[in-house]
Amino acid sequence: MIGKPSPTAPFVRKHMLPAEVPPARASGAPKWLRENLFSSWANTALTLFGLFILYLLVSHFAPWFLHGVWQADSLAQCRQIIAERWGEGASGACWAVIRARWTQFLFGFYPSQLYWRPVLAFVLMFVAIAPVLFTQLPRKMLWFTLAYPLVAIWLLWGGSIWPVAMIAVGFALGALAYRLLALRSSLLASLAAIAVPLLFWSFLTGPIDSVLTSVVPLAIQPVPSREFGGFLLAIVLGLGGIAMSLPLGIVLALGRQSDMFLIKTFSVMFIEFIRGVPLIALLFVASLLLNYFLPPGTNFDIILRVMILVTLFSAAYIAEVIRGGLAALPRGQYEAADALGLDYWKAQRLIILPQALKISIPGIVSTFIGMFKDTTLVTFVGLFEPLKSIPDTIRADFAWKGVYWEPFVFVGAIFFLFNFGMSRYSMYLERKLKRDYR
Amino acid sequence: MKKTVFFGALAAAGLTAGIASAATLDDVKARGVLNCGVNTGLVGFAAPDANGNWSGFDVALCKAVAAAVFGDPSKVKYVPTTGQTRFTALASGEVDVLVRNTTWTFSRDTDLKMDFAGVNYYDGQGFMVHKDSGITSAKELDGASVCIQTGTTTELNLADYFKANGMSYQPIAIDSNAEGEQQYIAGACDAYTTDASGLAATRAAFADPDNHIILPEIISKEPLGPAVRHGDSQWLDIVKWTLYALIAAEEYGVTSANVEELAKGTENPEVNRLLGVEGGLGAMTGLPNDWAVHAIKAGGNYGEIFAATIGESTPIGLARGLNAQWTQGGLLYAMPFR
């Protein structure tokens with residue numbers, strides 16, 4: 001029948017008409033608005049309310065941001081400039097304080113002629129963590145990652161290179177001992193890998209160090225821990241804590257799952273104790289209590305003390321996050337590993353942990369982000385973290401007394417950059433590791 | 001393993017400390033630097049500049065002690081301490097002397113095992129209110145909300161004062177001066193209370209200082225002074241007499257400008273003894289005889305230090321008041337150098 005009009009039909013359409021443009025209300029922005037913001041009375045009310053809040057916020061804060069002054073020598077001068085430009089009573093941000101003191105926010109009281117050292121360590125940090133984060137990069141770069149902690153310590157704290165080199169030699173000797181003995185007995189090899197470096201450090205390092213120092217005195221200016229501050233301190237504590245707490249957390253999580261009574265008990269006690277105590281309490285222990293236990297005059301570096309406790313703290317949380325990942329693995333995975341005849345460590349390394357860690361990524365990264373932000377709590381033990389201590393010190397200079405919000409905005413923005421970066425990386429990692437089993 | 005890493009690096013950095021003993025002076029001399037506990041930042045009293053160089057009224061005393069011991073006021077390591085960490089820092093030997101606007105009280109002197117070497121600033125707690133509130137006396141603060149820093153003697157003084165006067169108040173707890181100022185400006189509290197020196201500095205930094213008044217009542221005694229550990233009288237003597245030397249120098253007109261000249265000998269035997277020209281006083285404390293010359297040269301006498309850091313010519317603009325010489329109606333009274 002098609003194409004052959006019936007004689008009785010008055011009109012038969014021969015061509016399809018082109019589609020009409022949808023009415024204005026059902027396309028483009030109006031459609032989106034109707035569907036998303038004004039789909040019902042309740043939604044409309046909420047939208048208007050939201051707009052009102054937004055207006056309040058913007059109208060309140062926008063002038064403050066827009067009237068910001070970057071060039072001034074003191075808060076009084078800032079106020080004067082704002083009053084001149086925008087009339088009496090106008091409010092405005094005095095960003096000049098950031099301009100004048102940004103080095104303190106970044107480095108604390110690190111000697112200014114040595115700023116290149118933390119900067120170099122910071123740049124090298126990216127080189128060191130890149131091969132860990134992105135598997136596309138050449139695996140040879142991992143050697144630098146291994147060496148990086150020592151390089152960074154030498155760059156940041158300075159002093160003679162030989163003690164740092166001795167530490168590296170100790171690790172190398174341990175690795176060598178493991179290699180040599182691994183074929184005979186893995187237990188013996190592990191023991192040797194621990195004992196050899198310890199013996200080397202306790203008995204041989206001192207004499208070798210003094211000989212080398214007298215022959216080739218290769219040293220850079222030392223910087224004491226007290227002069228560390230700002231984001232330098234936050235990143236040192238955060239990165240050190242992250243790097244050390246992940247392995248420790250994995251060990252604790254496995255320990256908690258272990259069948260061995262002692263190991264299990266110790267792990268459970270450690271995790272529950274640390275999780276049950278506030279971080280500030282631990283920081284006070286690090287800063288104050290240890291002073292009473294240690295012989296008077298012992299100089300147990302304050303950054304090291306704090307870093308150890310921050311590490312222990314976050315390791316306990318990581319352990320529980322990873323235990324969640326271990327628990328989420330189907331029983332069959334463990335049984336499959338057994339059926340393949342893998343021993344405990346091989347099963348963990350090849351089958352269990354890769355899956356458990358993948359499941360735990362969001363939790364682990366959350367813990368890291370939380371820990372990085374918690375480094376600001378060291379303000380309570382008199383270290384110059386960037387959020388409170390540094391601004392307080394800056395306010396102690398009369399020129400900037402009364403500056404309040406600007407440092408918070410600045411420091412908050414930098415923290416956001418770091419933490420947002422970490423969060424995006426974890427999402428990338430999840431996407432990359434995604435295996436759709438279903 | 002990491003521990004060892006750090007220990008190594010630190011040993012390399014030459015940070016190994018000597019073994020502390022009763023003789024603080026020997027430790028300080030062996031170390032080559034005086035560890036001075038200061039505030040993490042208090043306007044006029046202790047503040048680092050953009051390069052980390054400390055200055056202020058308390059810092060000047062640290063410099064004077066270092067100058068007395070080493071002849072060099074720059075040989076000081078400033079250890080910033082918070083309200084919580086200051087006493088343990090002293091007790092544990094982390095600092096040799098604590099010059100951190102610390103109020104001399106009975107329990108701190110006895111129970112906390114500190115020895116106060118004297119008073120370098122007589123402070124007292126006051127109130128600041130908005131001018132348009134119409135309040136002119138602390139007695140009119142009944143029922144007011146008061147911003148108060150927690151965990152300080154000011155908090156206890158406030159409670160005592162209102163109780164003694166049969167008044168009520170609503171405390172608004174704050175954590176730091178900066179926060180207190182914000183709360184006060186925002187109108188969260190009717191009155192802001194802290195040490196009078198702090199109030200003066202705070203008011204001076206306001207955008208509208210004329211709209212705020214500091215009430216005339218001073219409700220507490222806050223004698224702020226340097227402190228050392230119990231049990232080392234020699235070191236206590238050194239800190240105490242360095243402070244007296246600065247005060248006495250003002251009394252006898254010895255300034256940083258003329259101290260070199262006067263140290264060659266003067267008509268006044270007291271000045272001669274102070275400056276080590278005669279009497280050999282320095283040796284009695286284990287210091288060189290010209291210790292006071294160096295201490296005075298470091299930042300000037302007490303009056304010069306006061307004028308340069310917190311005095312009326314500075315933005316903080318504190319009057320001498322109680323901190324004037326006893327000859328001028330104040331409380332400063334240096335014991336005789338004999």
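## Domains of chain B

Ten residues of domain 1 of chain B and seven residues of domain 2 of chain B take part in the contact between them, two residues being in contact if their C-beta atoms, placed from the backbone, lie within 7 Å. On the side of domain 1 of chain B that touches domain 2 of chain B there are five nonpolar, five polar and no charged residues. Here Ala, Val, Leu, Ile, Met, Phe, Trp, Tyr, Cys and Pro count as nonpolar, Asp, Glu, Lys and Arg as charged, and the others, Gly among them, as polar.

## Model and confidence

This is a predicted model, in which local features need pLDDT of at least 70 and side-chain atom pairs count only at pLDDT 80 or more, while totals for chains, interfaces and linings use all residues. Residues are numbered from 1 along each chain as its sequence is written, and chains are lettered from A and ligands numbered from 1 in the order in which they are written.

The predictor gives the complex an ipTM of 0.78 and a pTM of 0.82. For chain B the average pLDDT (the predictor's confidence in each residue, from 0 to 100) is 88, and 93% of the residues score at least 70. Residues 1–21 of chain B have pLDDT below 50, and this stretch has 51 contacts in the model beyond near neighbours in sequence. Where pLDDT is low, the predicted coordinates should not be read in detail.

## Overall shape of the chains

Chain A has 16 helices and two strands; helices (H or I, at least four residues) and strands (E, at least two) are DSSP runs, numbered from the N terminus. Chain A is more spread out than a compact globule, because its radius of gyration is 30 Å, well over the 22 Å that the globule rule gives for 438 residues. The radius is taken over C-alpha atoms, and the rule is 2.2 Å times the number of residues to the power 0.38. The C-alpha trace of chain A spans about 110 × 75 × 45 Å along its principal axes. Of its 438 residues, 32% are buried, that is, with 20 or more other C-beta atoms within 10 Å of their own; exposed means 12 or fewer, partly exposed in between, with C-beta atoms placed from the backbone.

Chain B contains 14 helices and 14 strands.

## Nonpolar cores

A nonpolar core is a set of buried Ala, Val, Leu, Ile, Met, Phe, Trp, Tyr and Cys residues joined through C-beta atoms within 7 Å. The largest has 181 residues, of which Val306(A), Cys62(B) and Val65(B) touch the most other members. Helix 12 (residues 302–328) of chain A supplies the largest share of this core, 16 residues. Leaving out residues up to four places away in sequence, Val65(B) touches Leu34(B), Val97(B), Ile238(B), Val239(B) and Thr242(B).

## Arg100(B)

Arg100(B) sits in the loop between strand 5 (97–98) and helix 5 (106–110) of chain B. Arg100(B) counts as buried because it has 28 C-beta neighbours inside 10 Å. Not counting residues up to four places away in sequence, its contacts are Gly37(B), Val38(B), Asn39(B), Asp58(B), Thr81(B) and Arg86(B).
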